[in-house]
Amino acid sequence: MSVESDVIVMKLSEMNREKLQQFKTECETAYKAFLDEKLSLDMSRGKPAPKQLDLSMGMMDCLKAEDFRAENGLDCRNYGVLDGLPEVKHFFEPMLGVSSDELIVFGNSSLNAMYWAMSVAMTNGVLGGTPWRKLDKVKFLCPVPGYDRHFAVSEFFGMELINIPMNSDGPDMDLIEKLVAEDDSIKGIWCVPMYSNPGGVVYSDEVVKRFAALKPKASDFRIFWDNAYCVHHLTDNPPVQVNLLEEAKKVGNENICYMFASTSKITFPGCGVAIMAGSKENINDLKKSLAFATIGYDKLNQLRHLRFFDGKFENMLEHMKKHKDLIAPKFNIVINTLRDELSDLEIADWSEPVGGYFVSFNQKGCAKRIVQLCKEAGVVLTGAGASFPYGIDPEDENIRISPTFPTEEELQKAMDVFVCSAKLAAAEKLLAE
Ligand SMILES: Cc1ncc(COP(=O)(O)O)c(C=O)c1O
């Protein structure tokens, strides 16, 4: 949709009231036409599309009935092996850039592993430290906008969440260094270092190194380094990032981080394999607690992943290129529609990510209204404010756009509704001022 008007090329803020009113009327007419279409489109969560899931259908039969033994002869149909089959650990080493003894293979969800690691800190403490539940206050740093489920985990454990602004190269490190040096009730930070959710930010090497060298007042401070999108590139020449644990080792700070990833958006979400890595000391300590939580995870699923990728991490990277071919055109639809329809008006800005699952859109004071307008026109988006702790976006500006799940046709329609709603919300706001 484009509003055919001579005012379209002007900045909205430079229009006089009369032109603005005319612009709003045109937007309303376009919006009413969408209402008449009775659309039903869901862009609320970052899920792979069915065609992406089809890429992994080989998983269904790559494990033959007679193929139930690990390399060491272990019968994977039975109980045993707490931290992952050795060959599966070896397979995942490059994903987080660690060695097998720095790695645990979990079940089907990295978020579950993060939740669990945080719950152990709450109940039993970190490396012999006071259990966090016994402290008067536990604070956690949350780069914003960020992943709603991260913030929800810390909120669930009763922590106080502190917003940290994101820059184009990662979170505001000056602020982080200052806060953690002064306050020992700050016990950690959530980070998505590669293609952050939702901003698509790739932390610079300088930022990673500053994280690696962080000197918090609390010795049990941990960086929850969620590398969920480390292989989810949208380009053939993806950025390369220094490894946090490696950098931390160089400065004798290797216990500073817990790292996570999973195959959720590589094979099947909810049926993948999750991994966690950290220093040997952290991992060995966590394994002691893990033994109380489970006898072991799904080793047949571990084997299935190993077989599907023929035991080679490079094959997984090749597989991700097929995902890229399916979803990069969808990101282009989102970016092109935003550029074509909103650039000249200068009412909003947005990320143009080279990986990950989201486009982050900002329009000050309008996020709730845009989400509401879209919803009434049958396009469901992630709730406004969701990417902030407690669901509170101080500027009411951020909306997470998830392009992957709808078909290209559905996505174009949803984006047409979105930009129409964004324009209408902007005009309403300016006229009300
Ligand atoms: C940053 C981030 N971490 C973790 C997850 C969930 O991962 P898993 O399926 O491994 O629990 C998501 C899902 O959207 C995510 O965006």
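Buried here means under 20% relative accessible area, exposed means over 50%, and partly exposed covers what lies in between, using a 1.4 Å probe and protein chains only. This is a predicted model, in which local features need pLDDT of at least 70 and side-chain atom pairs count only at pLDDT 80 or more, while totals for chains, interfaces and linings use all residues. Residues are numbered from 1 along each chain as its sequence is written, and side-chain values use heavy atoms, with hydrogens and water left out.

**Strand β7**

Five of the five residues of β7 are buried, so the strand is largely enclosed by the rest of the structure. Both of its faces are covered, with R222, F224 and D226 buried on one side and I223 and W225 buried on the other.

**S279**

Next, go to S279, in the loop between β9 (274-278) and α9 (280-293). Is S279 buried or exposed? At 3% relative accessibility, S279 counts as buried. Leaving aside neighbours within four places in sequence, S279 is in contact with L245, E254 and N255, where contact means heavy atoms within 4.5 Å. The side chains of S279 and N255 are also joined by a polar contact of 2.5 Å; such a contact is a pair of N or O atoms within 3.5 Å, and within protein one must be able to donate a hydrogen and the other to accept it, with residues adjacent in sequence counting only if both atoms are side-chain atoms.

**The two domains**

Colour the chain by domain: domain 1 is 12-52 + 317-432 and domain 2 is 70-311, with bounds that come from an automatic or database domain assignment. Their C-alpha centres lie 31 Å apart, and 28 residues of domain 1 are in contact with 31 residues of domain 2. Between them the domains bury about 2,500 Å², 64% of it on carbon and sulfur atoms; this buried area is the accessible area (1.4 Å probe) that two parts lose on being put together, summed over both.

**The sheet β10-β11-β13**

Select β10, β11 and β13, three strands that form an open sheet in that order with antiparallel pairing. The edge strands are β10 (349-350) and β13 (398-401), each of which pairs on one side only. Four bridges join β11 (residues 359-362) to β13, and N362 stands opposite N398 in β13. From I401, display the residues that it touches beyond four places in sequence: M43, V334, L338, Y357, F358, V359, F361, M415 and F418.

**K364**

Finally, centre on K364, found in the loop between β11 and α12 (367-376). K364 is partly exposed, with a relative accessible area of 49%. Not counting residues up to four places away in sequence, K364 touches E395, D396, E397 and K429, and the side chains of K364 and E397 make a polar contact (3.3 Å).

Notes
Two strands pair if DSSP finds at least two bridges between them. Helices (H or I, at least four residues) and strands (E, at least two) are DSSP runs, numbered from the N terminus.
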